[in-house]
Every structure is written in structure tokens, then in C-alpha cells.
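The remarks take up each chain, the contact between them and the confidence of the prediction.

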Amino acid sequence: MTVMAVVPTSGADAGEQFEQLYRSSAADVYAYVASLLRDRAAAEDVTALAFERAFRRRALFDVHRGSARAWLFAIARNAALDELRRRRRTGALLHEVADASSELDEDLDSDLAERRLVVREGLAALEARDREVILLKFVGRLSNAELARVLHCSESNAGTRLHRAIERLREACGVTR
Amino acid sequence: MSRDELNASEREELAALDRILAREPVGEQHLELAALVDSVRAGAPRMDPAFAERLDAQTAGRGARRGRRRGGARFVDRLNVRRLALASGGLVAAAVAFTIVISSGVFAGKTVQNGVALGGHPRSGVATLLPAAGPRATSTTQAPVGTTSGPTAATGQAALGGANFSATLAPNARLVHRDSTLTLASAPAAMQGVANQIVLATERQGGVVETSNVAVQGSNSRASFRLQVPSGRLSRLIAAVSSLASVRALNQNTNDITDGYNQEQARLADNVALRAALLTQLAAAPTLTAQAAIQKQLNRVEARITAEHGEIDSLLTQGREATLQVTVLPGAAVKHAAVAAGPFTTAFNRALHALEAILAIALVAFAIVLPFALTALALWWGATSVRQRARERAMRTA
């Protein structure tokens, strides 16, 4: 499994290292946040905020506690959950994420396009907690230990949650094994 | 089996998932999972190009701003917060340990000298007894017990009052008064320092300076003290004062005053009995003239009883407290650890004293700050926990 080992805290080229982290993670962080919030404008704000916070707090990053990527996803998760709380308080309206990938699907063969559509709908039908685990693993590519750190649970619990979430996704997509 | 435990096939599937995400080959039975991963990743929301550009610009701007930061800020960036906290904790612990060692008296012999080495008045209250004296200045101050203002007298009296003596003498006990004279010789230049140290040594033994007379006048310098300490601490005071300069003479007198005390007690008992008899006679007196005569006798007996009470108290005080008469005469400068230290020792002592003071202040500051810091830490931890719970709740209800 490829995990970024970028340490954005120290050394003269810390700025470059942070930029490297940004380049490798920005799209995935956005995908994760947008799936969680289901609101494009809010996802953009939260993604920008997550990188801003990560940059400000880079001195607090500890390489022994996980990869920079996991640390970044934890920051993004907190920012997204804060946004969810704010939205619940203020009753803000959702601006559903536009189906950006559907445009590309036209170039794919119909079976693949249909399967992706089914999976997308299945994922959207999942509970937020399950959807989050799937996204952190599939999109964030975090190890189970990093997943546990981001979700504030034990590693075995993270593994169990992940496996159950995959099972529910399969059910939601009507996949049989 | 725990709720969190997975069976072998489930664990194998998670391992396969890690291999899929790492783009490593997996077995046929996991191709469905690989397709699922691919679909999820392909279907994940993508950034709007305009937003991606804005975010790029924002990140690039941040990097450029950081490039212009000063060297100090870069240094702070390089510091690992945890290491910094550990180092600070270690420093504080070392400071506390060092302060404990200092205050426990390991360096007591050295620190005693500090008053001399630094000059001036090392403790408050001494000023009332020992006025500052220049090379040609002459000063004479007398401070009788009980009238001296300032902490010297106060602490001394408190210590004397706390001494382990009873107001009356136990049966078969002896009442002894100890009285000593000590003559020291000191270099004229060190006279003032020795005088200061004598006062400090007396305070440390819980005594008081009854009278003091310090005259700093070159080769005619002279100092004399009459010190009063609890009887049991006289030896320690003599040892402490003797260590300050060369001892020329030491005279120790022990006077058993038990007989005088017993005689006074007997006289008191007689007079009390006489007073009782006179009171009986007074009650039975037939005439006014007889009554007046008895009353006159009664008054005289009362006066004697009062005087005898005073005498008994005085004897008890003498037994409780010892006096030490110290005279410091000018003499040849003798190398002495306490007052005739070399420049390096003096510098060391000064540095040690300064360090001691700094550490004491730091310790006090630490003691004040610690409760606030712990409270702030607890509040921060509580707020963080509450916020995290609220976030998880938001996730559940999303």
C-alpha cells in the first residue's frame, strides 16, 4: 500500500514537502469531503480550510503517529464534521454535488458505466458512517491503523467497521459473491 | 468472540483490499472487490477546475509567504513540540531538584557566607541592629530584648516561647543557668561581615540579640554582642559563631540555681500560708484597730508574694535561656572559610546565591502557575472531548 511519508514540518524545504502533500492528496481530500457533505460549495470551503489548518498546524505533526496523509484526512474530517454541525444548527440548504464523473461515463462501455452508477447510488444510500469508512479506505488509501486514528477507535474496530461497510455497500449495490 | 474480531476470510479480504489499493495483483476471488474499489474511486466527486486553480494559487501563495519567513521563525518551525515540552519539563524538574538540594542544607556551609560576600544586610531586620558602616564609620546600636523592632526580635521571641520548658520545675529536676563569653579575632575589613553572620547565626538558633555594638574604625574596629538563646541550643550557637572568625577565648559558666529556686518556692509557700492565717484573723478581729493592724500585715505579705512570684519567674527564665557574650576584636587576617574567602570562592558563592534566588523565584512562579496550567489543561481536554463527541453525533445524524 502506498502511503505518503511526507513530513511537512521541518527542514528548509518544508514548503515544498507541504506542496507535495497537497499535490498528492488534494483531489482525494476533496472527494472524501464532498461525499461526506454532499454539497459542492461547502466541500470546496472545507477542503481549502483543511489545507489551511494543516499548513498552520504542521509543527504539531508527528511522523510517529501516522503518515502525513492520514493526518491531513483527520483534519479534513474534523472540518467536515464541524461543517455538518454548523449546517444542522443553521439549517443550511444543500447544494448537491453535481455528477461530474457521469460526463466521462459516456466514453466507457455501457456495462462499466452502469456498474459505476450502481456503486455510486449504493454508496449514496449508505449511512454516513459507513460511507465515510469506505471513502477513507478506498479514496484516502489509509491503512487500518491510520483509519483507526482518524476515526478515534481501535485498529481491530476500524477493520470490522470497514468490512461491515463493504458488506453493506455490496448489499446496496445488489452484488452477490 | 469479540464484536471487533474478524474471521480468517474477512481478514484475508481486508489484506486483499490493501493489495488492490497498492495496485498489486490479487487472486480471482477478489476481482469483484477490485471492481468495487475501482467504481468507488471512479465515482468519487471531482474538483471543479476553477476551484482547483484557486486552491493551487492559495497553496502556492502560502509557500511563497513561508519562503520569506525569517530565520528565527524557521528555527521555531524545526523545533519538535513534543521535544520542546520534554525539555521544558526536564528543566523544571532539574530546577526543582536543585532548589530542594540547596534548601536542604547540603551547601549550607557555602550559603552562610553569602551575606558576607555580598555585603550589606543579608536579611530583613538586621538593619535595626547593624547599621551600614563604611570604612571610617562608627555605629553603636543597642537593642534590648522585647523592644527591638523587626523580624529579628519577633522570630527570636517566638522561638524562645516555643522552647520545651515547663513553667514549673519537675520534682528532682535541676535548674541550671548557662552563661558563656566568646572572644573572636577578625581582620578589621571583615568585621562588619562577621557581625552580620553572628546575627544570622543567632536567628538560626532561635535566639535574639539582646544588645549589639559594632564599631568599624580601621584597626580600632570592635564588635560586641549579648545573645540570648534557648539553653539547649547554646552549644550550637557557640559552634556557629566560633566558625566565623579565629577564637581567642571561650569561657563557659554553668550555674546551678535550683537551691535559690527551691528557697524562693519555700518562702512563697510560707507567705501564702501566712496570708491565709491573716485572712482568718481579719475575719475574727473584734475591734477596728485590730482589723487595721492585721490589714497592714496582710498588705506586706501580699507584696512579698508578688515579689517572690517575680523572682521565681526570673529564675525559670534564667534556666530556660542561656546568654552568650561575644566580643570581636581586630586581629590578623586569618584564612577562614566563612569570612576570608578567596576571590574565586567569593565569586562562586555569589553565583550560587544568585542561582538560589533565581531558582526560588522560579519555584514560586511554578507553584503559582501549575494549578492554572492544570486547570487550563483539564478545560482544554474537556472541551476537546465534548467537541469530538459532537462531531461524532453529527456524523451519526448526517
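1. In chain A, buried residues make up 48% of the 177 residues; a residue is buried if 20 or more other C-beta atoms, placed from the backbone, lie within 10 Å of its own. The model is a predicted one, in which local features need pLDDT of at least 70, side-chain atom pairs count only at pLDDT 80 or more, and totals for chains, interfaces and linings use all residues. Residues are numbered from 1 along each chain as its sequence is written, while chains are lettered from A and ligands numbered from 1 in the order in which they are written.

2. The secondary structure of chain A comprises 8 helices and 0 strands, where helices (H or I, at least four residues) and strands (E, at least two) are DSSP runs numbered from the N terminus. Of the contacts in chain A with a separation of 6 or more, 70% join residues 24 or more positions apart; two residues are in contact if their C-beta atoms, placed from the backbone, lie within 7 Å.

3. Between the chains, helix α5 (residues 110-125) of chain A meets helix α2 (residues 31-43) of chain B, their axes coming within 9 Å and crossing at roughly 75°. Axes are lines fitted to C-alpha atoms, for helices over the stretch in contact, and angles run from 0 to 180 degrees between N-to-C directions. The two helices, α5(A) and α2(B), are therefore roughly perpendicular to each other, a term that covers 65 to 115 degrees. Among the residues making the contact are Arg115(A), Arg116(A) and Arg120(A) of α5(A) and Leu36(B) and Val40(B) of α2(B).

4. Chain B contains an open sheet of 5 strands in the order β2-β3-β5-β1-β4, with mixed pairing; two strands pair if DSSP finds at least two bridges between them. Its edge strands are β2 (208-215) and β4 (246-256) of chain B, each pairing on one side only. Strand β1 (residues 176-186) of chain B pairs with β4(B) in the antiparallel sense over 10 bridges, and Ser180(B) has Gln252(B) in β4(B) as its bridge partner. Helix α10 (residues 234-242) of chain B packs on the sheet, and its direction makes about 5° with that of β1(B).

5. Chain B averages a pLDDT of 75, and 72% of the residues score at least 70; pLDDT is the predictor's confidence in each residue, from 0 to 100. Over residues 105-166 of chain B, pLDDT stays under 50. For the complex, the predictor gives an ipTM of 0.79 and a pTM of 0.48.

Technical notes. Parallel < 35°, antiparallel > 145°, perpendicular 65-115°, else oblique. Buried ≥ 20, exposed ≤ 12 C-beta atoms within 10 Å, placed from the backbone.
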